[in-house]
Each structure stands twice: as C-alpha cells, then as structure tokens.
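Subject: Two-chain model for you to look at

Hello,

Here is the structure I said I would pass on. Please open it beside this message and follow the notes below.

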Amino acid sequence: MAFQTLLFYLFGTVLLAAATAAVTLRNMVHAALSLILSFFTAAMLWMLLEAEFLSILLVLVYIGAVLVLFLFVVMMVERHTPTIHRRRNYRIVASAVAAVMVAELGMALLAPDFSPTAQPLPAPLEYSNTKALGSVLYTDYALAFEAAAVALLVAIVGAIALTLRVRPDHHRQNPARQSRVRKQDRLRLTDGRSEPPC
Amino acid sequence: MLSLTHFMLLSGALFAIGVTGVFVNRRHALVLLMSLELILLAVNTNLIAASHYLQDLAGQAFALFVLTIAAAEIAIGLAIVVVVFRSRETIDAEDLSEVRG
C-alpha cells in the first residue's frame with residue numbers, strides 16, 4: 001500500500017507540474033507536449049485506480065489521435081502567430097478565482113463525513129475491467145452509447161465541412177457530374193467513312 | 001493509505017489550473033482549448049476515483065462518455081481555429097469581434 005501512495009505522489013506531482021507548464025509556457029509546441037505529458041500521467045493514475053480500459057483508451061485514442069492532431073494544428077498556426085501583447089492582465093483575477101475554488105473544494109473534501117473510509121478490496125485476478133465495463137455499457141447505457149456515437153459522427157461531418165475548401169483553380173474530379181453523364185453527350189455515331197480533314 | 005480525498009484534492013487542483021489557464025490566456029484560442037482539456041481531465045479523474053472507491057462502474061461509464069464528447073469538442077474546436085486562422089491570419093480571440101451585434 002505504501003508503494004501505491006508513493007506512486008500517487010510521484011504521478012500527482014508530475015501531473016500538476018505538466019499541467020501548469022501547459023497553460024503558462026509561451027512556446028506553443030512545448031505547451032502542447034506538456035499537455036501530452038499531463039494526460040499520460042493521468043492515465044497512470046487511472047491505472048492506479050484499477051480503471052485499466054479507460055487508462056489504455058486515454059493513451060491510445062486521446063494521446064495517439066486527439067493530442068497529436070492538436071500538435072499538428074499548433075505547428076501549423078504557431079509560426080504565424082505574433083507574440084500576443086497583453087492589453088489587460090488577468091493574472092490576479094485568475095489566481096483569486098483558483099484560490100477560492102481550491103479552498104472551497106478542500107473544505108468540502110476534508111469534512112469528516114465526506115470520504116468513505118472503507119478501502120475497496122483489490123479486484124480478483126480473473127476480473128476483467130474491460131468485460132465489466134462492456135457489460136454495463138451495452139445494457140444499462142445502451143442509449144447513451146448510441147447517442148455518443150452519433151455525437152462523434154456529427155463531429156466528423158462538422159470538422160470536414162468546416163475545413164473543406166474548394167479551390168476553383170484546381171482541376172479535380174466531380175463525381176456527381178461524372179455519374180450524371182449521358183450517352184448522347186459524349187458519343188457520336190458515324191457511318192464508317194473517314195471524315196474529311198478539316 | 002490512499003483515500004478518495006487524495007484523488008479528489010488532486011483533481012481539484014488540476015481543475016483550478018485549468019480555470020487559471022482560461023483566465024490567464026484569454027486571448028489565445030489554442031491555449032483556451034488546452035485549458036478546457038485539462039478541466040475535462042480533472043472531471044474524468046474525479047469520476048474514476050469515485051467509481052473505484054464506491055465500487056460502482058457507472059462512474060467509469062460516465063468518464064467514457066465525457067471522453068467521447070471531449071474528443072468531439074476538440075475536433076470541432078480545432079476545425080474552427082483552422083478556419084479562423086485561414087481567413088484572419090491570427091487566432092487572437094479578442095480580435096474576433098466581427099460578428100458582434
């Protein structure tokens with residue numbers, strides 16, 4: 001148990017440091033890389049909480065796809081972004097809001113009757129988190145699961161529709177026009193004699 | 001001995017960092033998106049910790065849905081950033097006042 005506590009403090013420190021770096025670094029590529037580090041350590045913490053499936057999902061899908069897309073956009077945009085001059089300084093407001101929130105959360109969490117005292121037993125060896133999650137997901141939450149799938153589809157279509165750009169000076173195929181072509185438009189039958197040279 | 005309070009304090013601190021990021025970098029659209037990601041990560045950590053300590057899989061199912069919606073949100077957000085950058089050559093959030101009523 002002591003080893004787990006050690007791991008918690010190690011990963012927690014790295015997580016908070018990386019998150020702070022992600023929102024304060026001026027270099028956007030470094031900030032995006034720190035964001036990736038903070039997600040990775042969060043995945044380690046989830047592993048500590050015996051949520052193996054979500055932990056691996058976070059690394060594979062979120063870091064592998066979403067955050068790399070993020071890095072891609074950062075590298076595309078960053079070169080052209082002049083260093084943003086500050087008109088107003090929000091640091092004091094920000095620190096005040098954050099301090100109030102942390103204080104409130106701490107007060108709520110440190111109340112004696114908040115935290116369940118019973119430690120959960122470690123899962124048995126043959127327990128599969130993926131199987132258990134799947135059996136909940138496809139029965140109790142089937143409707144929400146479908147709705148999430150539809151939301152992802154909408155996001156795909158929306159992202160493509162937003163960024164799709166048709167350049168008039170580019171020669172590209174138009175499948176709609178291609179499939180609408182009729183025989184009369186293209187084909188001319190002659191009687192077999194060669195046509196006079198024109 | 002780790003308890004639910006440890007994890008909740010950690011995710012509370014992470015949430016506060018995300019909110020601070022939103023305030024400090026109000027003008028940079030990409031850092032705003034990053035701060036949103038951190039906030040959602042804190043929420044997910046909270047859900048999973050509660051799910052573990054209360055021995056209820058509903059928390060993990062909810063975390064999965066939050067993750068899905070966060071992915072959709074970031075895809076649309078990045079697409080909007082790309083479109084804005086293409087047309088304006090800047091992603092300064094305070095310069096985007098053309099559609100103001």
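In this predicted model, 62 residues of chain B are in contact with 64 residues of chain A. On the chain B side, the elements that each supply two or more residues are H1, H2 and H3 of chain B. H3(B) supplies the most, with 20 residues. Sorted by class, that side of chain B consists of 42 nonpolar, 15 polar and 5 charged residues.

H3(B) has 31 residues. From its first C-alpha to its last it reaches 44 Å, close to the 45 Å expected at 1.5 Å a residue. Just after H3(B) comes Glu89(B), with a positive phi of about 65°.

On confidence: the model has an ipTM of 0.89 and a pTM of 0.82. Chain B has a mean pLDDT of 86, and 90% of its residues reach 70 or more. Within chain B, H2(B) has the highest confidence, at 92, and H1(B) the lowest, at a mean of 88. Where pLDDT is low, predicted coordinates should not be read in detail.

Now chain A. How many helices and strands does chain A have? There are 8 helices and 0 strands, and the pattern along the sequence is α-α-α-α-α-α-α-α. Of the 198 residues in chain A, 18% are buried. Among the contacts in chain A with a separation of 6 or more, 52% are between residues 24 or more positions apart.

Chain A is divided into domain 1, residues 7–79, and domain 2, residues 128–165. The centres of these two domains, taken over C-alpha atoms, are separated by 22 Å.

Next, the largest nonpolar core. This core has 67 residues, and the members that touch the most others are Trp46(A), Leu14(B) and Leu38(B). Both chains contribute: the elements giving two or more residues are H1, H2, H3, H4 and H6 of chain A, and H1, H2 and H3 of chain B. The element that gives the most is H2(B), with 14 residues. Where does this core lie relative to domain 1 and domain 2 of chain A? Both domains give residues to the core, so it lies between them.

If neighbours within four places in sequence are left aside, Trp46(A) is in contact with Ala51(A), Leu54(A), Ser55(A) and Leu58(A) of chain A, and with Ile48(B) of chain B.

H1(A) is another element to look at. With 23 residues, H1(A) reaches 33 Å from its first C-alpha to its last, close to the 33 Å expected at 1.5 Å a residue. Which residues of H1(A) are buried? They are Phe11(A), Gly12(A), Leu15(A), Ala18(A), Ala19(A), Ala22(A) and Val23(A). The elements covering these buried residues include H2 of chain A, together with H1 and H2 of chain B.

Phe53(A) is in helix H3 of chain A. Is Phe53(A) buried or partly exposed? A residue counts as buried if 20 or more other C-beta atoms lie within 10 Å of its own. Phe53(A) has 18 within that distance, so it is partly exposed. Apart from neighbours within four places in sequence, Phe53(A) is in contact with Asn129(A), Thr130(A) and Leu133(A). Phe53(A) and Met28(A) are 25 residues apart in sequence, and their C-alpha atoms are 31 Å apart in space.

Last, two loop residues with a backbone angle to check. Most residues other than glycine have a negative phi. Glu50(A) is not a glycine, yet has a positive phi of about 60°. Glu50(A) sits in the loop between H2 and H3 of chain A, and is partly exposed, with 16 other C-beta atoms within 10 Å. In chain B, Gln55(B) is not a glycine either and has a positive phi of about 55°. Gln55(B) lies in the loop between H2 and H3 of chain B. Why does Gln55(B) count as exposed? Gln55(B) has 12 C-beta neighbours inside 10 Å, and a residue with 12 or fewer is exposed.

Regards

Technical notes. Residues are numbered from 1 along each chain as its sequence is written. Chains are lettered from A and ligands numbered from 1 in the order in which they are written. This is a predicted model: local features need pLDDT of at least 70, side-chain atom pairs count only at pLDDT 80 or more; totals for chains, interfaces and linings use all residues. Domain bounds come from an automatic or database domain assignment. A nonpolar core is a set of buried Ala, Val, Leu, Ile, Met, Phe, Trp, Tyr and Cys residues joined through C-beta atoms within 7 Å. Helices (H or I, at least four residues) and strands (E, at least two) are DSSP runs, numbered from the N terminus. Two residues are in contact if their C-beta atoms, placed from the backbone, lie within 7 Å. Ala, Val, Leu, Ile, Met, Phe, Trp, Tyr, Cys and Pro count as nonpolar, Asp, Glu, Lys and Arg as charged, and the others, Gly among them, as polar. The expected span of a helix is 1.5 Å times one less than its number of residues. pLDDT is the predictor's confidence in each residue, from 0 to 100.
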